[in-house]
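Please read them alongside the coordinates.

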Amino acid sequence: MVLYSQLNLLNKIRGTLTKSVFRTQAIKSVTLEYDKDPQPLFTNPEIQKLLKSITQLDLSKIFRRSTSKVNSVEYKFMTTEQLEDVFRQTVERAKLQLEMPPMVKVRNDSQKVISVDKALKDFSDTKFVITDVTYGTRQSERKVIVRDTDGTLHHAPMEMAKRMRQLFVPLEGRKIQTPKMFEEENLQRCLEDRKYEFILNRLLVQYEPDEPDFHRISSKVYEHINETKEFDQLRSTRHFGPMAFFYVWHKCIDDLLNDMIKRDYLKNGAELIILYYKMHSIKEDYAEFSKQLDEYNSLEDLALKELNKSIKSKSNAGIHSEIETAIGKTAKDFQIDELCVKFIEKYITTYALKKVLLELGIQTLKEINAEKRQLYEGLSKAHGVQNVN
C-alpha cells in the first residue's frame, strides 16, 4: 500500500514536471511580432537618420576581407587631393553597403477570386497555374494565377506563387525549397554558434521582407542577440538599424543601451533614447538636445578623421592630435559626453526597466571619462597646447 502511494506521488511529480517543460518550451518558442505595420515609422526620415547614426560607419568592418577567387592588391601613386577624393568615394560606397532592408507588415495570404466559370468545371482533373514571365518585371509584381478543377480562377497562395516565380525567373542564391539551415534544429545550432550576420544575410536572399518566415526568423535572431548581448556583431552592418528598431518597437532597449554605455558610445545611446521617445510618442523635451547632436560630427566627418590623421603634416597641431589619439577623445567629445550622460540618466530614472544595471554602467563610465579628461588636460597643459573646442 505504501509502495502504491509512493508510485502515485512519483507519477504526479513526473506529470507536473512534464507540463512545466512543455510550458517552458512553448514560452521559448514564442517570438515577438509587430502588432501593426511598421513601415510608416521605419521609413520616416528622422527615424532613418537616427538608425543610420547608431549603426556607425566603420570602414574596416564594412570592407573587411572575405573569401574570394581574386585576391589581389592594386597600388597607385596619388596626390593628397586625389587621395581625399578616393576616400570620399569609399565612404559613399560604404553607405550603400549599410542600406537597411525594409521593415513591412506580414503579407496577408488571401487568395483573391477573379472569376468562377462553371462551364469549365471538370474540364480537367488537374489545376492550371499561369505565371507572368515578362522580362524586367520585379519579382514581387509577377502575377501567378490558378484555375481550379471546379472552374474557379484565383490568385495563387503565397508559397505556390513564390515557387513558380523562382522556377521560371530564378533569383541568384534563392532556393525553391526552404534551405536546411532554416529548419528549427539547424537554425538553433547557428544561433548557438552566434552566426547572426550569416543568418540574416541568407534570410534576405531566401525570403521577401513581408513573408511570415522572414519575420519569424529575424525576430528569433534579434531576441537571441538580446540574450547573448552580442550586439557588436551587427554594428556597422545593414542589420543593426532594423535590430535597434525591433528593440525600440517592443520597448526592450535597456540591454542595447547598456552595451553602448559600456563601449562609450554615449551619443549613440542618447540617439537610441530619442528614437524610443519618437516611436512611442513620449512627451519629453529633447528638441534642443537633438539639435546639439546634429551639430556634432556626421558619419562622413567621423570617417574622414581617419584620413586626416594619416595625410596631415606633423606640426604643433600634430602634438594636439597625438594627445587626442592617445586619450581617444577630443575636448568637443568630452562636452557632448556630458550632455549625453545627463540625457541618459533622465531616461534611466523615468523609463528604464533595468535601472540598477544602467545606473552602475553609467557611473562606471563617468569615473573612467573623468580620469581621461584629467589626463587630457594634464598632457595639453604640459605641452603648452590650448584646447580646441
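In what order do the four strands of the open sheet lie? Point 2 takes this up, after a word on the source.

1. Basis. This is a predicted model, in which local features need pLDDT of at least 70 and side-chain atom pairs count only at pLDDT 80 or more, while totals for chains, interfaces and linings use all residues. Residues are numbered from 1 along each chain as its sequence is written, and side-chain values use heavy atoms, with hydrogens and water left out.

2. Sheet. The order is β1-β4-β3-β2, with antiparallel pairing. Two strands count as paired if DSSP finds at least two bridges between them. β1 (113-116) and β2 (128-131) are the edge strands, each pairing on one side only. From one strand to the next the twist averages 15°; axes here are lines fitted to C-alpha atoms, for helices over the stretch in contact, and angles run from 0 to 180 degrees between N-to-C directions.

3. Strand pairs around β4. Strand β4 (residues 152-155) is joined to β1 by three bridges, the two running antiparallel, and V116 stands opposite T152 of β4. Strand β3 (residues 144-147) also pairs with β4 in the antiparallel sense over three bridges. Here V146 has H154 as its bridge partner in β4. β3 and β4 form a hairpin with four residues between them, and G151 in the turn has a positive phi of about 95°.

4. Overall content. The protein has 17 helices and four strands; these are DSSP runs numbered from the N terminus, H or I of at least four residues for helices and E of at least two for strands. Of the 389 residues, 39% are buried, where buried means under 20% relative accessible area, exposed over 50% and partly exposed in between (1.4 Å probe, protein chains only). Among contacts (heavy atoms within 4.5 Å) with a separation of 6 or more, 73% join residues 24 or more positions apart.

5. Nonpolar cores. The term covers buried Ala, Val, Leu, Ile, Met, Phe, Trp, Tyr and Cys residues joined through side-chain atoms within 4.5 Å. The largest core has 63 residues, and those with the most contacts inside it are L51, I199, F245, Y247, L272 and Y347. Helix α12 (residues 266-279) gives the most to this core, with nine residues. Leaving aside residues up to four places away in sequence, L272 touches I54, A244, V248, I253, L256, L257 and M260. A second, separate core has seven residues, including I62, F87, A94 and L98. As general background, nonpolar side chains tend to be buried together in soluble globular proteins.

6. Helix α8. Which residues of helix α8 (residues 196-206) are buried? They are Y196, E197, I199, L200, R202, L203 and Q206. The buried residues of α8 pack against α6 (158-168), α7 (184-192) and α9 (212-228).

7. Packing of α12 on α13. α12 and helix α13 (residues 287-295) pack at about 140°, with axes 11 Å apart. The two helices are therefore oblique to each other, given that angles under 35 degrees count as roughly parallel, over 145 as roughly antiparallel, 65 to 115 as roughly perpendicular and the rest as oblique. The contact is made by K267, A270, E271 and I274 of α12 with F289, S290 and L293 of α13. α12 passes α13 in a left-handed crossing; a crossing is left-handed if the near helix is turned anticlockwise from the far one by less than a right angle, and right-handed if clockwise.

8. Most residues other than glycine have a negative phi. K251, although not a glycine, has a positive phi of about 55°; K251 is found in the loop between α10 (240-249) and α11 (254-262) and is partly exposed, with a relative accessible area of 46%. S281, also not a glycine, has a positive phi of about 50°. S281 is found in the loop between α12 and α13 and counts as exposed at 62% relative accessibility.

9. The β1-β2 loop. K118 is found in this loop and is exposed, with a relative accessible area of 61%. K118 and T149 are 31 residues apart in sequence and 9.8 Å apart in space, C-alpha to C-alpha.
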